[in-house]
Amino acid sequence: MNAGNGLLVLMGSGETSPTMVTLHRELVAHLGGDADAVILETPYGFQVNRDDISNRAREYFRRSVSLATVVAPDMSADAPSIGTPGAGDADKVRDLVRRADWVFSGPGSPSYALNRWHTLRLGEILRERVARGYGVTVMASAAACTVGFVALPVYEVYKAGHPPAWLTGLDLLGALGLPVAVIPHYDNAEGGTHDTRFCYLGEPRLAALEHELPDESAVLGIDEHTAVIVDLGTSLVRVWGRGVMTIRRRGASVPVPGGTTLPLKQLRDLVTGTEPAVVPLPRRPADADADADADADADADADAAHRAATVGTGGAATLQEAVAAAELRFDSAQEARDAGTMAEVAVELESVIAAWSADMEEDQGGEWARTVLHGMIRRLAEAAGRGLSEPERTLGRILVPLLGLRGRLRADGAYDLADEVRDAVAVGGVRLHDTAEGSEWWWEEETDDQQTGLRSQA
């Protein structure tokens, strides 16, 4: 690829999830053929399972994108005990990253990555790639945190309780006139009862940190499973995915929804405050897309891939949403005594879990999803052992004439014979309750919840 035709891609999360497959294919296609592809493991290089994370990422790109990758190792020369390459290999890594057509970096610790990249001067090389417009550079999750002129130390603030403070970032966007603090996971909702938006900061801490930013700067937030694609050749910015890109200045936010393309100058004006806080953002400006039909086709492909990755899960975009949708379908099928659909849901959920297993982020809920799947299998086995057709389709057919007979016996005063009928059906597990209107029955193996609607026979 020639200089000036490159892309800088920032992802809010889900960088190796099923939801991003179509986008990765588009990025590789932009390179126009075979590509030298490098995964920078630095953000998670301190983790003892870093080899597993790298292997999952390589397998994801090989299987989903047909992209062969090599891993540029974290050059932590002070930790030779875990087999880290020596400092003499640093030049090779720098050259590898400098020449790569495609560079990818993802989850981990922003502060650790910044420290290592500063020591190894890899930050300079990444800035050079963007300034020259060379290749495709993908920075996701923790790596995306580092690309602004300041960066958020997520681990220290959220995990260790350090006071919120900015770190000096790589400032990859500085060459584009964008003085921003990039915050991925912008719409995170994992906290449930507590605010984990804004990459686990929450509103109070983000508001406090905003006051430390210069007047001409802003926060650039990227929602989960959302990407911001900066075309370094055409100076256009496109928001891709289910969420939005947010430009926030002193608490005032301008959301830019997925599917929007805008000129880099317009984004620059929003960041520096030279445009009004509320500005109409056309979905596809006339000067933004040389080929609007191609963009429409790409969006359609993205939708199709998304549906394929979440088949049977109601269009869910995350593993958690897929599991929740599967549970609803399974519960409905069990209530309807539909064994085929119950088995189908379990099989589909297993496929969804497998598709998400390549995700480099470790908090996506894989173990929880497997626990839900195992519960479904156990419930299906219990239902099979009991007989899903009971009692309506078999026992119910017998009970209708028997209870009709019992009703006539009681009406004729033959209570002893009526009691014998009651005792006979009890042998089959049926319990009766007589009322003035007739007899109500239930199967004794049902739970209390399943007995809420007693069957009646006048």
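**Basis.** I worked from a predicted model, in which local features need pLDDT of at least 70, side-chain atom pairs count only at pLDDT 80 or more, and totals for chains, interfaces and linings use all residues. Residues are numbered from 1 along each chain as its sequence is written, and side-chain values use heavy atoms, with hydrogens and water left out.

**Helix pair.** I looked up helix H3 (residues 90-99) and helix H5 (residues 122-132), which pack at an angle of about 15° with their axes 9 Å apart. H3 is therefore roughly parallel to H5 (angles under 35 degrees count as such). Helices here are DSSP runs of H or I, at least four residues, numbered from the N terminus. I then listed the contact (heavy atoms within 4.5 Å): Val93, Arg94, Val97 and Arg98 of H3 meet Leu122, Ile125, Leu126, Glu128 and Arg129 of H5.

**Cores.** I next examined the largest nonpolar core, a set of 47 residues. A nonpolar core joins buried Ala, Val, Leu, Ile, Met, Phe, Trp, Tyr and Cys residues through side-chain atoms within 4.5 Å; buried means under 20% relative accessible area (1.4 Å probe, protein chains only). Val97, Trp117, Leu126, Met139, Leu173, Met245 and Leu267 touch the most other members. Leucine 267 touches Leu178, Leu220, Val237, Met245, Ile247 and Leu262, not counting residues up to four places away in sequence. Apart from this core lies another, of 27 residues, among them Val9, Met11, Leu27 and Trp102.

**Tyrosine 200.** I found tyrosine 200 in helix H8 (residues 197-200). Tyrosine 200 is buried, with a relative accessible area of 9%.

Key. Axes fitted to C-alpha atoms, helices over the stretch in contact; angles between N-to-C directions. Helix = DSSP H or I, 4+ residues; strand = E, 2+ residues; numbered from the N terminus. Parallel < 35°, antiparallel > 145°, perpendicular 65-115°, else oblique. Buried < 20%, exposed > 50% of the residue type's maximum accessible area, 1.4 Å probe, protein only.
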